[in-house]
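Please read these notes with the model open. The points are numbered so that each can be checked in turn.

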Amino acid sequence: YQTIRGLPDSVTTVVVLCSRQFGKSYLGTLCAVEDCLQNPDTSVLIIGPTIKQTIDIVHQSIRKISHDAPDGLIQRSKSESRWYVGSSELLIGGFDVSNATRQRGKTLLKIYLEELVDSNPDQYAETIRSDLAPALTHSKNGKLIYLTTPPKLPDHPFITDTIPEAKLYGAFFSFTIDDNKQLSPDQYEACVRRCGGKDTIEFRREYLCEIVRDPSITVVPDFRADKHVGD
């Protein structure tokens, strides 16, 4: 949290590649609420693979965050995709085509991007470049802050373009299940069992944040020298 808040204004892309159930969604919602309170009359966006999924993620976190807030400070609008925080608004969006284009024409202070694991690569690239990035044009400290586990495709634009950009400016952070000090040994082992073991694609991607190709959505498996190269 302190590191992200301390990044210079020149850094516009921040990536937090994080294990499941680590608290990244809570962190993103918390930062978005703070942004709204500290910058009156602004708009902050949280966007995920679909608007329904993002609404569910934000609703769960903001309910905890607003538990002891003064009455009326954080209010949900009649629309499920908007919260009023002080005199600012917290917007909820999705990468699905019908919702991504709704961000066009808006001026945003910051954008938090949630769980890109299921995002369509083509929709992702177009949404970032055509819809979201231009909305930060007039923001003095505009940032795209990604809080996610890796996508299922190693050639996803998030992996090939976004991560290298964040690394270039020292704004890439990665935390695996082994970094999660809140888990007891029994909880850790339960996560391993539910994924079918530590060597499964699911555990490596969801809990170790490894960039691995999901064999269930490919024709040709990942190349392995020990398996595919003869004498």
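1. Aromatic pairs come to four, counting rings of Phe, Tyr and Trp (its six-membered ring) with centres within 6.5 Å. Planes under 30 degrees apart are called stacked, over 60 edge-to-face, and the rest tilted. Tyr124 and Phe158 have ring centres 6.5 Å apart and planes at 90°, so this pair is edge-to-face. The pair joins distant parts of the chain: Tyr124 sits in helix α5 and Phe158 in helix α6, 34 residues apart. Both Tyr124 and Phe158 are buried, where buried means under 20% relative accessible area, exposed over 50%, and partly exposed in between (1.4 Å probe, protein chains only). Phe203 and Tyr207 form a stacked pair, with 5.3 Å from centre to centre and 25° between the planes. Phe203 is buried at 1% relative accessibility; Tyr207 is buried at 14%. Tyr124, Tyr146 and Phe158 make up one aromatic cluster.

2. A word on the basis. This is a predicted model: local features need pLDDT of at least 70, side-chain atom pairs count only at pLDDT 80 or more, and totals for chains, interfaces and linings use all residues. Residues are numbered from 1 along each chain as its sequence is written, and side-chain values use heavy atoms, with hydrogens and water left out.

3. Which helix crosses α6 at roughly 35°? It is helix α5 (residues 121–132), and the two axes come within 10 Å. Axes are lines fitted to C-alpha atoms, for helices over the stretch in contact; angles run from 0 to 180 degrees between N-to-C directions. Helix α5 contributes Pro121, Tyr124, Ala125 and Arg129 to the contact, and α6 contributes Pro157, Phe158, Asp161 and Thr162. Contact means heavy atoms within 4.5 Å. The contact residues divide into five nonpolar, one polar and two charged. Here Ala, Val, Leu, Ile, Met, Phe, Trp, Tyr, Cys and Pro count as nonpolar, Asp, Glu, Lys and Arg as charged, and the others, Gly among them, as polar.

4. The sheet is open and mixed, with eight strands in the order β3-β4-β5-β2-β6-β7-β1-β8. Its edge strands are β3 (74–76) and β8 (172–175), each pairing on one side only. Helices (H or I, at least four residues) and strands (E, at least two) are DSSP runs, numbered from the N terminus; two strands pair if DSSP finds at least two bridges between them. Strands β2 (residues 43–48) and β5 (residues 88–94) run parallel over six bridges. In that pairing Ile47 stands opposite Gly93.

5. Helix α2 (residues 24–38) packs on the sheet, and its direction makes about 165° with that of β6. Its 15 residues should span 21 Å at 1.5 Å a residue, and the end C-alpha atoms are 21 Å apart, which agrees. The expected span is 1.5 Å times one less than the number of residues. Buried residues of α2 include Lys24, Glu34 and Asp35.

6. How many residues of β1 are buried? Six of the six are, so β1 is largely enclosed by the rest of the structure. Thr13, Val15 and Leu17 cover one side, and Val14, Val16 and Cys18 the other. Strand β1 pairs in the parallel sense with β7 over five bridges, and Thr13 stands opposite Leu144 there. Four bridges join β1 to β8, also parallel, with Leu17 opposite Ser174.

7. Check Arg205 in helix α8 (residues 201–206). Arg205 is buried, with a relative accessible area of 3%. Its contacts include Glu210 and Asp214, not counting residues up to four places away in sequence.
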